[in-house]
Amino acid sequence: MIAIVDYGVGNLFSLRSSLRSLGLETEVSGEAERLRAADRIILPGVGAFGDAGAKLEATGLAPVLREEAGRKPFLGICLGMQLLFDRSFEYGEHPGLGLIPGQVDFLGEELEDKSLKVPHMGWNRLAIVKDDPLFKYFEDGEYVYYVHSFYARNCRDSTLGISRYGNASIPGAVRRGNVWGTQFHPEKSGDAGLRLLRAFAEL
């Protein structure tokens, strides 16, 4: 069973629908015991890093997720991926879950071409830089769908795939141990995204 973490942040319906379309047993839950009982966990998220981190702490889920990430396949998506890192500098400085070394910074400060829009929104190619079972059904250079204004930095050792936006090299997929993250939305990335979710379910 794949548990989708419900902590009041994120569009859970489209992700659950995508997983169910693959025939995967899926449950949306914010209960610690249900997350512990799951075979795999997905942490989604949209919105501000600080608010999301505060909700994980307030619900008591942060320590549960840190514990479970060491025991089973764990995937963070979009803001959920950013929360995997040590900290974010989105409107201040906020601690993350500390599951992957690195930090989250504003994409606009990196772009030399100021005519490029932030948020980075739409389809972009993902270049695979490190082979991984998450890419079992995924081809190098396939298009995936992004919606984000902040991005991960100082995480080269954990980076599996990158997308280019102007001069910026955006870590689109990362991994450390049992923990994976995608800055793009697999559930919005068509057939390529479904194939990636299928591979995650087989990890």
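Modeller: Happy to. Keep in mind that this is a predicted model. The count of aromatic pairs comes to 5.

Colleague: How are the rings of Tyr91 and Phe150 arranged?

Modeller: Their centres are 6.0 Å apart and their planes stand at 65°, so Tyr91 and Phe150 make an edge-to-face pair. The cut-off behind that word is an angle over 60 degrees.

Colleague: And where do Tyr91 and Phe150 lie?

Modeller: Tyr91 is in the loop between β5 (85–88) and β6 (94–95), while Phe150 is in strand β11 (residues 150–153), so the pair ties together parts that are 59 residues apart in sequence.

Colleague: Is Tyr91 buried or exposed? And what about Phe150, buried or exposed?

Modeller: Tyr91 is exposed, with a relative accessible area of 71%. Phe150 has 9% relative accessibility and counts as buried.

Colleague: Which residues do ring pairs link into a cluster?

Modeller: Tyr91, Phe106 and Phe150 are linked that way.

Colleague: New topic: the sheet. In what order do the strands of the open sheet come?

Modeller: The order is β6-β5-β7-β11, so to speak from one end to the other, with 4 strands and mixed pairing. β6 and β11 stand at the edges with a single partner strand each, so one side of each has no neighbour in the sheet.

Colleague: How do β5 and β6 run, parallel or antiparallel?

Modeller: Antiparallel, joined by 2 bridges. Arg87 stands opposite Pro95 in β6, and Ser88 has His94 in β6 as its bridge partner.

Colleague: And which way do β5 and β7 pair, parallel or antiparallel?

Modeller: β5 and β7 pair in the parallel sense, over 3 bridges. There, Phe85 has Ile100 in β7 as its bridge partner.

Colleague: What goes on in the hairpin of β5 and β6?

Modeller: The hairpin has 5 residues between the strands, and Tyr91 takes a positive phi near 55° in it. That's the Tyr91 whose ring pairs with Phe150.

Colleague: Let's go inside. Which residues have the most contacts in the largest nonpolar core?

Modeller: Tyr7, Leu43 and Leu56, in a core of 31 residues. β1 (2–5), β3 (40–43), α3 (49–58), α4 (61–69), α5 (79–82), β7 (100–106) and β11 each supply at least two of its residues. α4 gives the most, with 4 residues.

Colleague: What does Leu56 touch?

Modeller: Leaving out residues up to four places away in sequence, Leu56 touches Tyr7, Leu43, Leu61, Ala62, Leu65, Leu83 and Leu97. Another core lies apart from the largest one, with 30 residues, among them Ile77, Ile170, Ala173 and Phe200.

Colleague: I do like a charged residue. Where is Asp140?

Modeller: Asp140 is in the loop between β9 (127–128) and β10. Asp140 is exposed, at 53% relative accessible area.

Colleague: Which residues does Asp140 touch?

Modeller: Not counting residues up to four places away in sequence, Asp140 touches Leu126, Ala127 and Ile128. A polar atom of the Asp140 side chain lies 2.7 Å from the backbone nitrogen of Ile128. As for Arg125, it is 15 residues from Asp140 in sequence and 8.4 Å away in space, C-alpha to C-alpha.

Colleague: Now the arginines. What does the side chain of Arg195 reach?

Modeller: Arg195 lies in helix α6, and its side chain reaches the backbone oxygen of Tyr137 at 2.6 Å. Setting aside neighbours within four places in sequence, Arg195 is in contact with Tyr137, Phe138, Glu139 and Glu142.

Colleague: Tyr137 again! Which residue lies over the face of Tyr137?

Modeller: Arg198 does, at 4.0 Å from the ring centre. So Tyr137 has Arg198 over its ring face, and the backbone oxygen of Tyr137 is reached by the side chain of Arg195.

Methods. Residues numbered from 1 in each chain as written. Predicted model: local features only at pLDDT ≥ 70, side-chain atom pairs only at ≥ 80, totals over all residues. Heavy atoms only, no water. Phe/Tyr/Trp six-rings, centres within 6.5 Å; stacked < 30°, edge-to-face > 60°. Buried < 20%, exposed > 50% of the residue type's maximum accessible area, 1.4 Å probe, protein only. Lys NZ or Arg CZ within 6 Å of the ring centre and 35° of its normal. Contact = heavy atoms within 4.5 Å. Polar contact = N/O pair within 3.5 Å; in protein donor to acceptor, adjacent residues only side chain to side chain. Core = buried A, V, L, I, M, F, W, Y, C linked by side-chain atoms within 4.5 Å.
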